[in-house]
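Please keep the sequence and the model side by side while reading. The paragraphs below go from charged pairs to strands, then to backbone angles and the core.

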Amino acid sequence: QVQLVESGGGLVQAGGSLRLSCAASGRTFNSYAMGWFRQAPGKEREFVAAINWNTGSTNYADSVEGRFTISRDNAKNTVYLQMNSLKPEDTAVYYCAAGPLYGSTWRRPSLDLRRYDYWGQGTQVTVSS
C-alpha cells in the first residue's frame with residue numbers, strides 16, 4: 001500500500017524558510033513523478049512543483065520559481081520542498097503526491113493534479129506578515 005507522509009510545516013515570518021519532507025513507501029517510484037500541491041482556504045488545490053524520481057527533471061509553478069526547490073533522496077525514498085523567501089500568500093496546506101510518468105512528462109513532470117494517483121494527508125504552512 002502506497003503511503004506518502006508529509007512533515008516540516010509550521011509557522012514562519014515573511015521572508016523566512018521552511019523545508020517540507022515527503023516520505024514515500026509501498027512501491028518503487030522509478031517511473032513516477034512526485035509533486036507538491038497546495039490549497040489555501042476557499043481556493044482550489046494548485047500545483048507547486050514536481051520532480052521526475054528517475055531523472056531528477058523538475059517543473060515549477062511561476063509563483064514559486066526561484067524561491068522554492070524540489071529535490072529527492074532516492075536512498076531515503078524522500079522528496080523535499082525547500083521554500084525560501086516565503087510570502088503570506090504561500091500560506092496553505094501543502095500536499096505531496098505521486099503519479100506515473102508518461103510521454104512528455106518524463107522531461108517535464110505534469111502540473112495537472114489529475115495525473116497524480118497517490119496523495120499524502122497534507123501539512124500546514126502559515127506565513128505571517
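How many salt bridges does a search of the whole structure find? The search finds four, where a salt bridge is a side-chain nitrogen of Lys or Arg within 4 Å of a carboxyl oxygen of Asp or Glu. The model is a predicted one, in which local features need pLDDT of at least 70 and side-chain atom pairs count only at pLDDT 80 or more, while totals for chains, interfaces and linings use all residues. Residues are numbered from 1 along each chain as its sequence is written, and side-chain values use heavy atoms, with hydrogens and water left out.

One of the salt bridges joins E46 to R38, with 2.6 Å between the closest N and O atoms. E46 is partly exposed at 36% relative accessibility, whereas R38 is buried with a relative accessible area of 5%; here buried means under 20% relative accessible area, exposed over 50%, and partly exposed in between, for a 1.4 Å probe and protein chains only. R38 also meets the side chain of D90 in a salt bridge, at 2.9 Å from N to O. Because D90 lies in the loop between strand 8 (78–83) and strand 9 (92–100) while R38 belongs to strand 4 (residues 32–39), this pair ties together parts that are 52 residues apart in sequence. Strands are DSSP runs of E with at least two residues, numbered from the N terminus.

D90 forms a further salt bridge with R67, whose closest N and O atoms are 2.8 Å apart. This pair, too, links distant parts of the chain, since R67 is in the loop between strand 6 (58–60) and strand 7 (68–73), 23 residues from D90. Both D90 and R67 are buried. Through shared partners, the salt bridges join R38, E46, R67 and D90 into one network.

Turning to the strands, an open sheet is formed by four of them in the order 1-3-8-7, with antiparallel pairing; two strands count as paired if DSSP finds at least two bridges between them. Strand 1 (3–7) and strand 7 stand at the edges with a single partner strand each, so one side of each is left without a neighbour in the sheet. Strand 1 pairs with strand 3 (residues 18–25) in the antiparallel sense over five bridges, and within this part of the sheet the bridge partner of V5 in strand 3 is A23.

Most residues other than glycine have a negative phi. N77, in the loop between strand 7 and strand 8, has a positive phi near 50 degrees although it is a residue other than glycine, and N77 is partly exposed with a relative accessible area of 25%. S85, in the loop between strand 8 and strand 9, likewise has a positive phi of about 50 degrees without being a glycine, and its relative accessible area of 41% makes S85 partly exposed.

Finally, which residues touch the most other members of the largest nonpolar core? Of its 38 residues, these are M34, W36, L81, M83 and Y94; a nonpolar core is a set of buried Ala, Val, Leu, Ile, Met, Phe, Trp, Tyr and Cys residues joined through side-chain atoms within 4.5 Å. Strands that each supply at least two residues of this core include strand 3, strand 4, strand 5 (46–52) and strand 11 (123–128). M83, when residues up to four places away in sequence are not counted, touches residues including L20, R67, F68, Y94 and V125, contact meaning heavy atoms within 4.5 Å.

Definitions and conventions:
Helices (H or I, at least four residues) and strands (E, at least two) are DSSP runs, numbered from the N terminus.
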